[in-house]
Amino acid sequence: MDFKIVSKHKPAGDQPQAIEKLVEGIKKGYKNQVLLGVTGSGKTFTMANIIEKINKPTLVIAPNKILAAQLCNEFKEIFPNNRVEFFVSYYDYYQPESYIASTDTYIEKDMSVNDDIDKLRASATNSLLSRKDVIVVASVSCIYGLGDPTEYNNLMIGLRKGDNIKKEDIMKKLIAIHYERNETDFKRSTFRTKGDRLDIFPSSQSEIALRVEFWGDEIDGIYEFKAVSGNVIRSLDFAVVYPASHYAVSQDKMISALNQIEQDRLSQTEFFKQQGKFIEAERISQRVSYDIEMMREIGYCSGVENYSRYFDGRKPGEAPFTLIDYFPNGFITLIDESHITIPQIRAMYNGDKARKTNLVDYGFRLPAAFDNRPLKFDEFKQKIGQTIFISATPGVYEQENNEQIVEQIIRPTGLLDPLVEVRQIEGQVDELIKEAKIVISHKQRVLVTTLTKKMAESLTNYLQSNGIKAKYMHSDIDTLERIEIINGLRLGEFDVLVGINLLREGLDMPEVELVCILDADKEGFLRSVGSLIQTIGRAARNKDGRVIMFADTITKSMKDAIDITNKRRKLQEEFNKEHNITPKTIIKEIKNGLEISKKIDTQTIKDSEIPQEIEKLTSLMKIASNNLDFERAISLRDKITELKKRMQKGAKNGR
């Protein structure tokens with residue numbers, strides 16, 4: 001399908017000219033362009049229009065998971081008939097493997113994988129290999145090593161009604177691509193069998209599974225069904241099952257790779273012995289021997305990604321395969337908040353190499369571990385397609401490497417840049433409380449930025465002790481909880497959100513009337529011109545938006561940020577006057593289109609969906625009860641009771 005926008009809105013303000021210039025630039029073959037768009041000017045809608053007009057697969061890179069989730073939700077709403085996918089790191093917690101030589105301390109890799117996000121990553125690669133109308137919204141994890149896309153595609157299992165194939169042969173193929181047989185706990189990346197029926201739970205799904213029915217050695221029927229209830233949804237003539245892991249390889253490649261790993265084990269062991277490092281020699285020999293045995297027996301081992309070069313057939317030092325390699329030729333790249341995203345991408349390789357140097361030097365890993373890495377920046381530039389950098393404050397790289405800069409200053413909504421006020425630091429917390437109570441009386445929200453995590457937590461506790469509903473958010477909060485916190489602020493579950501660096505770029509919260517910047521005169525990364533402009537922009541989606549900077553002196557960064565804000569405010573005022581526009585706060589629906597939160601909110605379920613939801617929850621309750629998870633069973637029972645009451649109330653009201 002072609003990309004097709006479904007929206008009641010049309011480009012307005014500066015959007016039409018920005019879209020026209022950028023699309024023209026892509027058609028002319030420009031490699032790099034910049035969209036300099038102020039907060040609230042509708043940069044996402046401009047991006048969507050560019051995608052529709054260019055009509056090519058698109059990679060959108062965001063600087064963090066929250067912004068990626070927000071963008072993904074917005075694109076899903078704009079392109080309901082096309083595929084919009086989400087690709088971020090699937091770790092809720094990740095402690096990388098490392099070795100501290102000075103204290104002889106080895107730290108083993110420790111991680112917590114989020115199954116929902118892992119499913120979404122699989123869905124993204126599957127979509128890219130099966131259709132062209134695909135937008136993937138990704139974090140910088142898209143530059144980290146992933147399995148060979150050609151091998152991944154070759155290992156997919158095609159199932160067609162009428163095909164002659166034994167059920168046992170399909171089961172062997174499933175095991176080879178890292179699916180597990182499980183007759184009791186049917187979940188993602190597993191299969192089960194009974195009689196002439198084979199049920200497969202694809203790695204890219206969380207609710208829908210495949211049922212393959214046989215008549216002898218012939219596929220008699222293929223069906224999609226709900227994994228929990230077992231209800232059949234539809235019949236299929238053809239279905240595809242992609243590998244459960246991006247590191248799955250054929251048996252021939254596995255044998256060849258293991259032979260090469262064994263040769264390198266012997267070579268590295270001998271290298272250490274010649275240097276008199278006998279402990280390191282014994283360590284690398286034992287470790288790699290164990291890994292080889294694990295891979296030979298079950299197809300993988302802990303840290304299998306460190307052997308990815310052997311499976312991919314790459315030479316030492318050659319760039320790894322990444323998500324970008326799953327895109328077809330001719331795709332385009334949009335880098336959101338590029339002033340933050342580009343420096344992140346540039347820094348990834350050196351940090352990874354520094355950590356692995358000790359692991360290799362002291363015999364914990366073969367030198368091939370260096371090739372399981374993020375892309376170098378030059379490699380990244382070569383792999384991405386024609387690129388548009390998007391930011392209200394483009395960085396040095398974007399400003400120096402582009403064919404054109406297109407400005408998008410005028411907002412279609414008529415909203416003005418917020419008024420900025422500077423107050424003394426002395427008594428800043430008391431002033432904050434006073435101003436927050438005024439904003440809360442308007443049923444609006446407050447953002448507060450501090451300089452440290454400890455300060456954010458302490459301030460939150462102090463605000464709570466003064467009767468203000470407040471929460472903090474920083475990098476220690478996991479991905480899904482951050483999304484819930486943002487939605488909680490917008491829904492009014494609390495009124496003040498305190499943060500450090502996560503409350504700047506791109507967060508779309510029209511309910512925020514006041515932004516308070518504590519210690520604004522402490523020059524540095526968090527109080528640079530770009531950071532201040534981005535933070536000020538969080539109040540630009542509310543017609544009464546204002547900003548208070550607490551500072552004893554007005555630094556150059558503060559002055560420049562205030563001057564730029566006032567200049568943009570004046571331009572918007574002139575536009576509004578000329579076109580007779582009255583600014584209005586943006587009204588934006590609050591929803592989580594990714595469905596990656598495990599909380600069940602009965603209030604968001606439509607009346608027409610209640611019977612299906614009750615059926616689903618009843619099945620989940622039975623499973624929880626059978627597993628002796630009575631706490632969850634009780635929670636699900638309460639949800640069912642709540643939904644039944646809603647259904648009865650609706651019936652009484654004649655709905």
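Aspartate 519 lies in the loop between strand β24 (residues 512-517) and helix α16 (529-536). In this predicted model, the phi angle of aspartate 519 is near 50°, a positive value in a residue other than glycine. Most residues other than glycine have a negative phi. Aspartate 519 has a relative accessible area of 10%. A residue under 20% counts as buried, so aspartate 519 is buried.

Histidine 178 also has a phi worth looking at. Its value is near 75°, which is positive, and histidine 178 is not a glycine. This residue is found in the loop between α6 and β10 (180-181), just after the end of α6.

Helix α6 itself spans residues 167-176, and its buried residues are Lys167, Ile170, Met171 and Leu174. Where on the helix do these four residues sit? They cover an arc of only 100° around the axis, so they lie on the same side of α6.

The next topic is the aromatic rings. The structure holds 15 aromatic pairs. One of them joins tyrosine 99 and tyrosine 362, whose ring centres are 4.9 Å apart. The planes of these two rings stand at 50°, so the pair is tilted. Tyrosine 99 belongs to strand β5 (residues 98-100), while tyrosine 362 is in the loop between α10 (338-361) and α11 (377-383). The pair therefore ties together parts that are 263 residues apart in sequence.

Another pair is formed by phenylalanine 271 and phenylalanine 272, with ring centres 5.8 Å apart. Their planes are at 55°, so this pair is tilted too. Phenylalanine 271 is partly exposed, with a relative accessible area of 38%. Phenylalanine 272, in contrast, is buried at 2%.

Ring pairs can also build up into a group. Here they link Tyr99, Tyr106, Tyr362 and Phe364 into a cluster, and the pair of tyrosine 99 and tyrosine 362 described above is part of this picture.

The charged end of arginine 211 sits over the ring of phenylalanine 225, at 4.1 Å from the ring centre. In the other example, the charged end of arginine 309 sits over the ring of tyrosine 310, and the distance to the ring centre is 5.0 Å.

Now take the chain as a whole. Its secondary structure comes to 19 helices and 25 strands. How compact is the chain? Its radius of gyration is 27 Å, close to the 26 Å that the globule rule gives for 655 residues, so the chain is as compact as a globular protein of that length. Along the principal axes, the C-alpha atoms fill a box of roughly 80 × 75 × 55 Å.

Burial and contacts can be described for the whole chain as well. Of its 655 residues, 52% count as buried. Among contacts between residues at least 6 apart in sequence, 75% join residues at least 24 apart. The accessible surface comes to about 30800 Å², and 48% of this surface belongs to carbon and sulfur atoms.

How values were computed: Residues are numbered from 1 along each chain as its sequence is written. This is a predicted model: local features need pLDDT of at least 70, side-chain atom pairs count only at pLDDT 80 or more; totals for chains, interfaces and linings use all residues. Side-chain values use heavy atoms; hydrogens and water are left out. Buried means under 20% relative accessible area, exposed over 50%, partly exposed in between (1.4 Å probe, protein chains only). Helices (H or I, at least four residues) and strands (E, at least two) are DSSP runs, numbered from the N terminus. The arc is that of the directions from the helix axis to the C-beta atoms. Rings of Phe, Tyr and Trp (its six-membered ring) pair if their centres lie within 6.5 Å; planes under 30 degrees apart count as stacked, over 60 as edge-to-face and the rest as tilted. A charge sits over a ring if NZ of Lys or CZ of Arg is within 6 Å of the ring centre and within 35 degrees of the ring normal. The radius of gyration is taken over C-alpha atoms; the globule rule is 2.2 Å times the number of residues to the power 0.38. Contact means heavy atoms within 4.5 Å. Accessible areas come from the Shrake-Rupley method with a 1.4 Å probe; for residues, only the protein chains shown count as cover.
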